[in-house]
Amino acid sequence: MSCKHYKNSPQKYYKIISFATFVGLLYACSTTKKVPDGEYLLTKNNFEFEDKKQFFDDELKSYVQQKPNKKQLLFMPVGLWFYNMANPKYDTILNEYMTYPSEMRDQKLRDSLFLKYNMKSSIGKNLFWDRLFHSWGSPPVILDQTRTEKGAESIDKRLTYRGYWDGQVKFKHELDSAAKKAAVTYYITHNDPTYIKDYYYNIPDANIKDLYKQKLHSSLIKSGQILDQTVLEKEVTRINEMMRERGYYKFNSTNEEIYFVADSLKSRKQVPLTLEIHKDSADSPYKIATIGNIDVAVVDEMGDYSKNTFKDSLRGIRFHKVNEQYKTRALWRAITVGHKQVYDQKKLDLTKRNLLSMNNFSILKAKDSLRRGGDTAPNDSIIDVMYILKPLPKYELKVGTDINYSQLLNLGVSPSVDLTTRNVFNGAENLSTSLSGTFGSIRSTKNIDKRVLAYEISAQAALNFPRLLLPFDYYKLLPKRYSPTSSIVLGASIQNNIGLGRVNFNTGLNYMATVNDKVSHRLTLFNTQLSLTKNKDAYYDYFVNDEQVRSEIFTDYFAYNPAAGQAFSAGQTTIDQVSQQIVSDAVYRSNLDQQGTDRLTAFLGTLINKDRQTQDVIISSMIYNFVYNEIGKKDYPNAFYFNGKVELAGNILSVFNQKRDEGGVITNPQRTIFGIPYAQFVKFDIDVRKYFRFNSNQTLVLRQFIGVGIPYGNSSSMPVIRSYFNGGSNDIRAWVAFGGLGPADSQVDERVRTYMTDNVKLTTNIEYRVPFNEMYEGAIFTDIGNTWSLRNYNDGFGDEFKFNRFLRQVGIGSGFGLRVNVAYITLRLDLAYKIYDPNKPDGEKWRFKYFQPFKPTLNIAFGYPF
């Protein structure tokens, strides 16, 4: 075939090649490719509920003995496809090969297996792709009919456990010999459940009985309920925690002291239930334990205690130290248990957490036990507690390089040097100093289609205290169990990202308190940030799009007013002076047609951008942050997360000075401190997330972010470093950061809108995550949101937030992604597409007809977006 002939028929041969490729993939992906003759691939377990479904029916599916191959991307068995793509003749070898430790899997091992299985012709073969597909894949699940029967028995037992004693389970196999596939259908009939007719409790110990009666209203068991064993288990857990909090040491530690008796002799449908609590067969009385000796030792080696230590004490706690390296009071603050206090297991656990969180010690030994001779009174109810601590090294130096991703700098490299100096003032205070840099790339302001080098270099020092820095004793107001800490932060940074660079200085006093493992509070006082802009006069050199708009309006204005043009050409007026002249010329504005008016509106936008991007500002604020976090807690599979923050800025500075600067071309004169304007605003940020788990490993995540900034007093707008923008890997992923979405549905020239920020932000994210295996995870997502102005400034931008319009002004993007989990790092790759762009003209907002599947917005990041 001639090349000429091929060039004349590219579409014809493209179709042939595509069809051949499709057929080849179908063969490689055939799900029954490696199913032996006479066997069946289990493709599905069906569950038919013959009567009314119950809330726990989904959990019954997990009691089936055999489950089909897991389905991942788009509900297809990708793992099975990968397994089938490996050459079948190597399956036996690869199965044995993968049983060896990873460090032994080399060519020598492969060759030995080739010899073992009489495959000498394969010696020397790397089998890279076969090994890859085999490790990524999962073998076909072959139907085992005996395991089906056992699965039905397990389901029946679970029905009984849930209170359905007369439940029935049957099953049926559906076999397709031609396709070598099978499905199993389980027919489940609940029938009427067994109810608790009456609920009694038999507790011989009067004190235990009295405690239980006091909290009887909190009992999970009520008369008339279904006799569900899972509820009984939860009730036992509740009783254990309640008793151990009330001083009963190791209550029910053997799980033999609490049990339930159900009397089913008269009826299987209405059953009396009795709670039994007995310490032993003789019904020995329980005793409330109290804390006896509390010993805290700080030693270099375990053998130093107690022969090489001297003693000190504070409020009933005995301290043993080899030297005066740590003040006694600093150690006392971490100990939440107290001498002669009633035993409470939670306080013991919290004490260990406090000691570790100080980042000054490792715990060599933590022990609580009955006092020696505890078999007889009074020692049978006195608990002695001991903590043996080893100080961590005085200095800890860390040098590292991280690869990270930020909204602005894209993929970047961050070298850092961190030095921790422990126990600075002998009170377990830690001084953390760091010098770090981030180097990456950003969309060029001169040409948004190109990326240029950007960087941020910062130095920071933080002095951390294991207590609150207050001039009074606060323990009655804020108990030690809240683990209060403080820190003083001082830092500086140099940024060069969006065109003009910035120099930032920051300081603040932080107070933190942890109520429990889910709730924490943070209060920052005197949070002060000084932001200075470099290269202000070069604004139009960096922001060339704004320069184009400025040049256009200047040309148009000089045609209208030649004298102004002559003065500008002669250097008698500056760019800012001419800009001010244009803004103030009402006659010129009244003579503009619609095209001219749009151009003038865009020009006003450039002036606002210029004033804000070149602004020097002092922000002195108070910040309160509340976090409720169930993520990662085993008792909360459908976790909830709430992060609320409020920031109030500028009120203190407003007392000291009334001197004003000259203002900008657009902005009004502002009061200053040392010649620098200060900002006044109140800002609210709310981040809410809800996680739903399906099929034990798939997750649906819903996230809602609401941000509102309200400038007042000395500020007519929010400082640019506190404003909101759209786009980026953790936001609306179909747009890059400062990628042209927003504000609102403004039709202002995109060249100007690109770097606009605003003071209202709403973002909704929906993401469905499906793991392929332990290393790889897929996701599909939709992001919705935009930014708005809180009120109408009559500037022609059309960005005011209104309840009857904002739903039509949100941007919508969807896509899919891959997550790769390596050690403790998650690499994320997201491909996103614009679905609805509110900033396009009417008729072009929905982007389906402009859809380009091979031109997504690529997001590379580390960690989950939320």
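Lys610 sits in helix H18 (residues 594-613), where helices (H or I, at least four residues) and strands (E, at least two) are DSSP runs numbered from the N terminus. With a relative accessible area of 12%, Lys610 is buried; that word means under 20% relative accessible area, with exposed over 50% and partly exposed in between (1.4 Å probe, protein chains only). This is a predicted model, in which local features need pLDDT of at least 70 and side-chain atom pairs count only at pLDDT 80 or more, while totals for chains, interfaces and linings use all residues. Residues are numbered from 1 along each chain as its sequence is written, and side-chain values use heavy atoms, with hydrogens and water left out.

**Lys610 and its partners**

- The side chains of Lys610 and Asp576 are joined by a polar contact of 3.3 Å. A polar contact is a pair of N or O atoms within 3.5 Å; within protein, one must be able to donate a hydrogen and the other to accept it, and residues adjacent in sequence count only if both atoms are side-chain atoms.
- Apart from neighbours within four places in sequence, Lys610 is in contact with Tyr539, Tyr540 and Asp576, where contact means heavy atoms within 4.5 Å.

**The chain as a whole**

- The protein chain has 19 helices and 29 strands.
- Of its 866 residues, 45% count as buried.
- Along the principal axes, the C-alpha atoms of the protein chain fill a box of roughly 110 × 90 × 60 Å.
- Among contacts with a separation of 6 or more, 65% are between residues 24 or more positions apart.
- The domain assignment lists domain 1 (32-189), domain 2 (195-277), domain 3 (290-391), domain 4 (395-438), domain 5 (537-613) and domain 6 (724-865); such bounds come from an automatic or database domain assignment.
- The centres of domain 3 and domain 6, taken over C-alpha atoms, are separated by 54 Å.

**Helix packing: H14 with H16**

- Helix H14 (residues 544-560) packs with helix H16 (residues 575-584) at an angle of about 65°, and their axes are 11 Å apart. Here axes are lines fitted to C-alpha atoms, for helices over the stretch in contact, and angles run from 0 to 180 degrees between N-to-C directions.
- The contact is formed by Arg550, Ile553, Phe554, Tyr557 and Phe558 of H14, together with Ile575, Val578, Ser579, Gln581 and Ile582 of H16.
- Sorted by class, the contact of H14 with H16 has seven nonpolar, two polar and one charged residues. Ala, Val, Leu, Ile, Met, Phe, Trp, Tyr, Cys and Pro count as nonpolar, Asp, Glu, Lys and Arg as charged, and the others, Gly among them, as polar.

**Around H6**

- Helix H6 (residues 107-116) has Leu109, Arg110, Asp111, Leu113 and Phe114 buried.
- These buried residues of H6 pack against helix H5 (91-97) and helix H7 (128-136).
- Just after H6, Asn118 takes a positive phi of about 55°.
- Leu127, in the loop between H6 and H7, has a positive phi near 55° although it is not glycine. Leu127 is buried, at a relative accessible area of 9%.

- Leu159 belongs to helix H8 (residues 145-161) and counts as buried at 0% relative accessibility.
- Beyond its neighbours within four places in sequence, Leu159 is in contact with residues including Phe56, Leu60, Tyr164 and Ile188.
- Arg422 is in the loop between strand S13 (410-421) and strand S14 (430-443), and is buried with a relative accessible area of 3%.
- The side chain of Arg422 reaches the backbone oxygen of Asn359 at 2.8 Å. Not counting residues up to four places away in sequence, Arg422 also touches others, among them Leu392, Pro393 and Glu429.

**Backbone features in loops**

- Tyr305 and Ser306 are joined by a cis peptide bond, with omega about 5°; Ser306 lies in the loop between strand S7 (290-298) and strand S8 (310-314).
- From Gly742 to Pro743 the peptide bond is cis too, with omega near -5°. Pro743 is in the loop between strand S24 (698-711) and helix H19 (750-753).
- Asn252 has a positive phi of about 55° without being a glycine. Asn252 lies in the loop between helix H10 (229-245) and strand S5 (258-262) and counts as buried at 1% relative accessibility.
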